[in-house]
Amino acid sequence: MPATALPDPAICEQARLSRDARFDGLFFTAVSSTGIYCRPTCPAPAPRPHNVRYYPNAAAAEAAGFRPCLRCRPELSPSAGGWRRGDDALARALKLIDEGFLADASLADLAGRVHVGERQLRRLFADRLGAPPIGVHGTRRLLFAKQLLTETALPITEVALAAGFGSLRRFNTCFHEAYGMAPSALRQRPAAAAGQVLTLRLNYRPPYDFVAMLEFLRGRALPGVEHVDATAYRRVIGDAAAPAWLQVAPWPRGAGSDGHALELQLHGCPPARLQAVVERVRRMFDLDADPQAIAGVLGADAGLRPLLRKRPGLRLPSAWDGFEVAVRAVVGQQVSVGAARTITARIVQRHGTALPALTGAPELERLFPTPERLAEGDLDGLGLTTTRAATVRAIARALLDGRVDFDPARTLDDMVARWTALPGIGPWTAQYIAMRGLGHPDAFPAGDLVLQKQLAGDDDANLRLRTLNLTRRAEAWRPWRAYAVIHAWREAALAQPPVAADRSTTIRRSKP
């Protein structure tokens with residue numbers, strides 16, 4: 001990773017003047033004559049160059065005394081994915097901050113979680129981001145509150161709760177100190193009654209292939225838990241005591257958007273969970289990816305270059321829940337995607353929690369089983385082999401006793417080592433869980449036969465040799481190897497005739 005997260009100033013200048021959406025969130029433009037900072041896509045007249053300052057993130061701009069623009073709304077920018085993903089200590093610390101870690105923990109705790117000294121962590125943030133960890137945390141909370149104040153009719157008390165503030169007084173004070181106004185000054189509509197549908201705009205850097213994302217998710221959607229059609233994704237969230245559901249679809253054109261956004265509808269989501277749900281949706285739909293950075297690395301490979309040109313907007317589809325994708329990975333060993341979906345749906349019907357009818361989404365009627373339900377659950381007669389049923393139960397027990405987890409502070413190697421220590425979990429399964437359970441951009445199931453057929457580049461019939469050769473070649477693809485996997489799978493799926501569509505996405509690998 002470079003010493004700073006800020007692009008070259010000449011690139012920033014060109015992107016600012018052309019309002020290039022590909023750089024949205026990769027830097028911010030601050031104007032010394034106004035005290036305001038903007039997205040590079042801001043529609044306001046371009047300021048004089050001598051008044052412009054560039055910052056790598058919103059927190060750095062705010063630390064320098066600038067306030068967010070009310071016109072381009074910096075809170076809508078996607079995060080700079082390059083330094084929020086992967087195994088770098090800074091990336092892992094930022095993932096924890098995104099999950100709200102500093103709301104209840106100290107900087108020393110954060111440093112300990114990513115295995116660096118507190119002083120070193122401070123230096124990393126100062127050198128690369130231009131802002132301290134607590135500044136990044138504070139800006140994140142206030143910008144999320146600003147979005148809720150602007151786009152929703154939530155009462156200000158609930159906005160404060162959603163943004164992680166323990167009291168309305170503290171929220172009002174922090175908001176006024178940072179932005180020079182009261183939260184109520186941003187209200188554009190009267191406060192709504194509890195239970196109203198919330199609609200939020202989730203921006204991304206173009207290009208983005210939402211059709212391909214939906215097709216990937218549709219082939220794996222679990223009846224009762226998820227529903228995917230040609231335009232939207234729906235899913236049950238919450239728990240049996242407070243079930244809720246969400247929908248993700250393209251942001252309507254002509255609705256105050258530049259077109260580079262998805263629309264998130266939340267039905268029945270408690271305010272205290274809003275920010276966590278938004279972060280999870282952003283990860284699931286890979287909204288913070290930087291297509292230019294990914295293509296810059298993968299495009300150097302002659303075999304990947306044509307795939308990137310065909311589908312420049314392909315993203316990494318994660319899963320809503322880590323345990324759910326781990327069960328799916330085990331069920332899917334040596335069978336087609338369709339067969340794995342059928343078997344997993346049977347598990348859901350037997351062990352998932354039935355829900356009362358959800359208003360507006362009658363097709364969503366079940367929660368995926370918890371680890372507690374499957375740790376000793378009866379899996380006979382569902383289509384699972386005895387070995388795989390035992391592995392599903394072993395995963396559930398291991399999650400309950402802490403031997404494995406989905407901790408974003410773990411490195412990929414650490415996570416894979418923990419998961420492969422379980423019976424029935426091999427490298428392919430562990431890498432797949434990292435890729436789809438955590439959205440890890442460098443996860444790489446090298447033993448996948450579809451992947452090898454598309455990318456191995458030789459006709460060697462020896463599986464071990466093909467795996468070794470592909471692993472060596474993929475070293476040059478770090479830290480974006482998972483995107484090479486998605487491109488290979490997409491190419492294989494589209495190459496199959498419609499009658500074999502179920503088998504076209506068959507995922508096979510060496511024995512775990």
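Reply: Happy to! A disulfide is a pair of cysteine sulfur atoms within 2.5 Å. Keep in mind that this model is predicted.

Me: How many disulfides does that rule give here?

Reply: The count comes to zero. Take cysteine 12: the closest cysteine sulfur, in cysteine 38, is 14 Å from its own sulfur, so the two are too far apart for a bond. Cysteine 12 is also buried, at a relative accessible area of 0%.

Me: And how far is the sulfur of cysteine 42 from the closest cysteine sulfur?

Reply: That distance is 3.8 Å, to cysteine 72, and it is still too far for a bond. Cysteine 42 counts as buried too, with 9% relative accessibility.

Me: Thanks. Now, how do I read a pocket?

Reply: The general idea is that rolling a probe the size of a water molecule over the atoms shows where empty space is left. In this model, the largest pocket holds about 1,100 Å³ of space. Its lining has 43 residues, and those nearest the centre are Lys95, Glu99, Glu279, Arg280 and Arg283.

Me: Which helix gives the most to that lining?

Reply: Helix 10 does, with seven residues. Helix 3 (89–98), helix 6 (133–151), helix 7 (156–162) and helix 10 (274–284) supply at least two lining residues each.

Me: What classes of residue make up the lining of the largest pocket?

Reply: Sorted by class, there are 17 charged, 15 nonpolar and eleven polar residues in that lining.

Technical notes
Residues are numbered from 1 along each chain as its sequence is written. This is a predicted model: local features need pLDDT of at least 70, side-chain atom pairs count only at pLDDT 80 or more; totals for chains, interfaces and linings use all residues. Side-chain values use heavy atoms; hydrogens and water are left out. On a 1 Å grid over the protein atoms alone, a cavity is a set of points where a 1.4 Å probe fits but cannot get out, and a pocket is an open set with protein on both sides within 12 Å along at least five of seven lines; lining residues have an atom within 4 Å of a point. Grid points are joined across faces, edges and corners, and a volume is the space filled by probe spheres set on the points. Helices (H or I, at least four residues) and strands (E, at least two) are DSSP runs, numbered from the N terminus. Ala, Val, Leu, Ile, Met, Phe, Trp, Tyr, Cys and Pro count as nonpolar, Asp, Glu, Lys and Arg as charged, and the others, Gly among them, as polar. Buried means under 20% relative accessible area, exposed over 50%, partly exposed in between (1.4 Å probe, protein chains only).
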